[in-house]
Amino acid sequence: MFKKILIANRGEIALRIIRTCKEMGIKTVAVYSTADKDSLHVKFADEAVCIGKPQSTESYLNIPHLMAAAEITNADAIHPGYGFLAENARFAEICGEHGIKFIGPTPEMIRKMGDKMTAKETMIAAGVPVIPGSDGLLQSVDEAKALAKSMGLPVIIKATAGGGGKGMRVVWEESELENAYNMAKNEARAAFSNDGIYMEKFVEEPRHIEIQVAGDQYGKVCHLSERDCSIQRRHQKLVEESPSPFMTPELREKMGEAAIRAAAAINYESVGTIEFLVDKHRNFYFMEMNTRIQVEHGVTEEVINFDLIKEQIKIAAGIPISGKNYTPQMHAIECRINAEDPYNDFRPSPGKITTLHIPGGHGVRVDSHIYAGYVIPPYYDSMVAKIITMAQTREEAINTMERALSEFVIEGVKTTIPFHQQLMRDENFRKGNFTTKFTETFKLV
């Protein structure tokens with residue numbers, strides 16, 4: 001087992017990893033930018049190293065600085081968390097070149113799933129359902145028009161190196177296609193230095209349901225059931241839950257088997273997530289694979305009583321997994337609390353937290369790195385907390401979330417707590433009647 005792990009991340013996920021490492025008897029090294037010197041992950045790690053200025057490119061994305069921090073602290077492994085360098089194949093390679101274990105899949109696995117067209121081709125070969133679309137990258141507007149005509153509108157144009165909704169355009173009318181093509185290409189070039197784009201049939205009334213998977217170094221793969229991530233805004237998840245209110249035992253079995261085939265197709269090792277779109281007829285299609293721990297991993301942990309970070313570390317250390325498939329034994333819902341103003345188009349709201357009260361009680365888990373007096377920096381993702389409630393039934397989990405949100409006090413900055421409070425009271429949400437388009441018509445009052 002590893003003796004010391006450097007966590008190449010910040011905030012709540014760094015703190016989350018530190019907690020599991022402490023329980024496993026593993027020393028930890030926190031890294032931080034000058035803007036994060038007062039963050040809790042810095043305070044609770046065994047050692048901490050400043051790696052640069054506030055901008056991510058000068059700190060959390062600065063590979064030479066991270067490797068230097070690992071070497072001077074004698075860390076024998078690096079955990080990347082999520083975001084930043086978590087799915088950077090070159091970073092994983094560099095870790096290996098320096099004799100430091102990257103806690104995650106191999107560089108080859110990251111590359112295969114990181115490029116969406118390569119991932120799609122891999123899934124087709126593995127017999128995993130995929131959305132109809134272009135055979136490769138689009139080479140011209142004329143090709144895009146011809147393909148859209150053959151598939152039928154609506155279609156969606158996506159960046160092959162995309163993420164977070166960047167380089168993505170839905171086309172409803174033929175007259176919109178050329179402009180959408182150019183906008184997607186330009187946005188992809190600016191965001192990823194890769195203007196490759198492709199086209200898929202746009203699935204109407206979709207659910208976003210993902211399957212958690214784990215694979216070890218010995219070829220064994222299992223699934224740990226599903227999460228429903230359909231409540232989104234601009235392709236960014238706001239609420240996640242397990243089990244999905246749209247799920248049936250038959251669909252869970254089919255999606256679980258498909259997810260295992262997907263992971264086995266690349267001999268996947270580590271924990272990861274296979275993301276699917278599910279239409280109103282419960283047909284499901286592969287979207288992408290996230291080769292890392294996810295923000296919403298705690299939802300799965302609560303419904304199956306399983307520490308995914310511990311499993312990730314054990315797999316990296318060469319310990320075989322059980323290979324057991326899991327199904328939810330409880331119901332859990334997660335609300336992402338962002339420092340954003342939901343009454344002002346979710347505008348970021350960095351600043352000093354003057355008052356803080358974290359909710360508690362039976363069935364409540366809060367993962368966060370904030371405290372009263374903490375200054376939320378403007379340089380990073382706006383998420384400041386994740387609140388998860390769990391109960392025997394979905395209705396009970398929602399009721400617990402309502403109660404917990406009413407106790408959650410964050411003053412000094414605007415947060416998305418009011419949005420979540422209203423969502424928990426919404427009749428359609430409570431009935432499970434929603435798709436990925438839900439927030440487009442949801443009116444905050």
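This note goes through selected features of the structure, point by point.

1. Basis of the model. The structure is a predicted model, in which local features need pLDDT of at least 70 and side-chain atom pairs count only at pLDDT 80 or more, while totals for chains, interfaces and linings use all residues. Residues are numbered from 1 along each chain as its sequence is written, and side-chain values use heavy atoms, with hydrogens and water left out.

2. Residue C229. This cysteine, C229, is placed in strand 10; helices (H or I, at least four residues) and strands (E, at least two) are DSSP runs, numbered from the N terminus. C229 has a relative accessible area of 0% and is therefore buried, a term that means under 20% relative accessible area, with exposed meaning over 50% and partly exposed in between (1.4 Å probe, protein chains only). The C-alpha atoms of C229 and H208 are 5.3 Å apart, although 21 residues separate the two along the chain. Leaving out residues up to four places away in sequence, C229 touches H208, E210, K237, V239, E240 and E296; contact here means heavy atoms within 4.5 Å.

3. Residue R233. Strand 10, which covers residues 221–233, also holds R233. With a relative accessible area of 18%, R233 is buried. Its side chain makes a polar contact of 2.9 Å with the side chain of D345. A polar contact is a pair of N or O atoms within 3.5 Å; within protein, one must be able to donate a hydrogen and the other to accept it, and residues adjacent in sequence count only if both atoms are side-chain atoms. Apart from neighbours within four places in sequence, R233 is in contact with L238, D345, F346 and T439.

4. Salt bridge between R16 and D307. The whole structure contains 36 salt bridges, each being a side-chain nitrogen of Lys or Arg within 4 Å of a carboxyl oxygen of Asp or Glu. In one of them, the side chains of R16 and D307 meet at 2.9 Å, N to O. This pair links distant parts of the chain, 291 residues apart: R16 is in helix 1 (residues 11–23), and D307 is in the loop between helix 10 (297–304) and helix 11 (308–316). R16 counts as buried at 8% relative accessibility, whereas D307 counts as partly exposed at 21%.

5. Salt bridge between E87 and R292. Here too the side chains meet at 2.9 Å, N to O. E87 lies in the loop between strand 4 (77–79) and helix 4 (89–97), and R292 in the loop between strand 13 and helix 10, so the pair ties together parts that are 205 residues apart in sequence. E87 counts as partly exposed, at 34% relative accessibility, and R292 as buried, at 17%.

6. Salt bridge between E205 and K280. The closest N and O atoms of E205 and K280 are 3.5 Å apart. E205 lies in the loop between strand 8 and strand 9 (207–215) and K280 in the loop between strand 12 (270–278) and strand 13, so this pair joins parts that are 75 residues apart in sequence. E205 is partly exposed, with a relative accessible area of 44%, and K280 is partly exposed at 47% relative accessibility. Elsewhere, salt bridges that share partners join E210, R227, K237, E240, E275, E296 and R336 into one network.

7. Helix 4. The buried residues A89, F91, A92, I94 and C95 are found in helix 4. The buried residues of this helix pack against helix 3 (63–72), strand 4, strand 5 (101–102) and helix 5 (107–114). At the N-terminal end, N88 caps helix 4, with a side-chain oxygen 3.0 Å from the backbone nitrogen of R90. After helix 4 comes G99, whose phi is positive, near 75°.

8. Second largest cavity. K116, K120, V130, Y198, E200, F286 and M287 line the second largest cavity. On a 1 Å grid over the protein atoms alone, a cavity is a set of points where a 1.4 Å probe fits but cannot get out, and lining residues have an atom within 4 Å of a point. Helix 6 (116–126), strand 8 (197–201) and strand 13 (284–290) each supply at least two residues of this lining.

Notes: 1 Å grid on protein atoms, 1.4 Å probe; cavity = no way out; pocket = protein on both sides within 12 Å on 5 of 7 lines; lining within 4 Å.
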